[in-house]
Amino acid sequence: MFPTLAWPWFALGSAFFAALTAILAKVGVAGISSNLATLIRTAVILAFAGGLVTARGEWSSAGLSPRTLLFLVLSGLATGLSWLCYFRALQLAPASRVAPVDKLSVALVVILAALFLKEPLTARVVAGTTLIVVGSLLLLR
C-alpha cells in the first residue's frame, strides 16, 4: 500500500521534532512578539530548506504544475497561520496545555482526509481518533 516502509520513521521524526519545537518555542517567545518569533522561525526554516535543496541538487521545477504550486502556496499559508496561532498560544498558556489542543489536528486531518481525499474511515481509524480526542481533552482538565 505504501511505497516504502521509511514513512513511519519520518513520521516519528516529525513527532519528536514537533515536541522539541513546543519546548524550544515556549522559551523562545518569552519577552518578544509571537509574530516576530514566527518570522525568525520561518527565516531559519527557509534557510535550512534552501540549503538542503541546494545540497541535494533539487532545484528543478519539473512536475511543478500550476495546480501543484497553488496547493503548496495554500499549504504554506495554512502553515503560517498555524504557527502564528501556536506561538501566541504558547505565550498565553503552558506548553503542556497548548500541545494537546494543537494535536487535535490529528482528528481534523482524519475527518478532512475522509471528506476530501476519500481516505477510508475504518473502525480502527475512528477508534484511534476518538482516543486521541479523549486524551487531549483529559490533558486539558
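Is Lys103 buried, exposed or partly exposed? In this predicted model, Lys103 has a relative accessibility of 35% and counts as partly exposed. Lys103 also takes part in one of the two salt bridges that a search of the whole structure finds.

**Salt bridges**
- Lys103 pairs with Asp102, with 3.1 Å between the closest N and O atoms.
- Asp102 is partly exposed, at a relative accessible area of 26%.
- Arg56 and Glu58 form a salt bridge through their side chains, with an N to O distance of 2.8 Å.
- Arg56 is exposed, its relative accessible area being 57%, while Glu58 is partly exposed at 39%.

**Helices α3 and α4**
- Helix α3 spans residues 66–92 and helix α4 residues 95–102; their axes come within 8 Å and cross at roughly 150°.
- Angles over 145 degrees count as roughly antiparallel, and α3 and α4 are therefore roughly antiparallel to each other.
- The crossing of α3 and α4 is right-handed.
- On the α3 side the contact is made by Tyr86, Ala89 and Leu90, and on the α4 side by Ala95, Val98 and Asp102.
- Five of these contact residues are nonpolar, one is charged and none is polar.

**Ser34**
- Ser34 belongs to helix α2, which covers residues 34–55.
- Ser34 has a relative accessible area of 5% and is buried.
- Beyond its neighbours within four places in sequence, Ser34 is in contact with Phe87, Arg88 and Gln91.

Technical notes
Residues numbered from 1 in each chain as written. Predicted model: local features only at pLDDT ≥ 70, side-chain atom pairs only at ≥ 80, totals over all residues. Heavy atoms only, no water. Axes fitted to C-alpha atoms, helices over the stretch in contact; angles between N-to-C directions. Helix = DSSP H or I, 4+ residues; strand = E, 2+ residues; numbered from the N terminus. Parallel < 35°, antiparallel > 145°, perpendicular 65-115°, else oblique. Left-handed = near helix turned anticlockwise from the far one by under 90°. Contact = heavy atoms within 4.5 Å. Nonpolar A, V, L, I, M, F, W, Y, C, P; charged D, E, K, R; others polar. Buried < 20%, exposed > 50% of the residue type's maximum accessible area, 1.4 Å probe, protein only. Salt bridge = Lys/Arg side-chain N within 4 Å of Asp/Glu carboxyl O.
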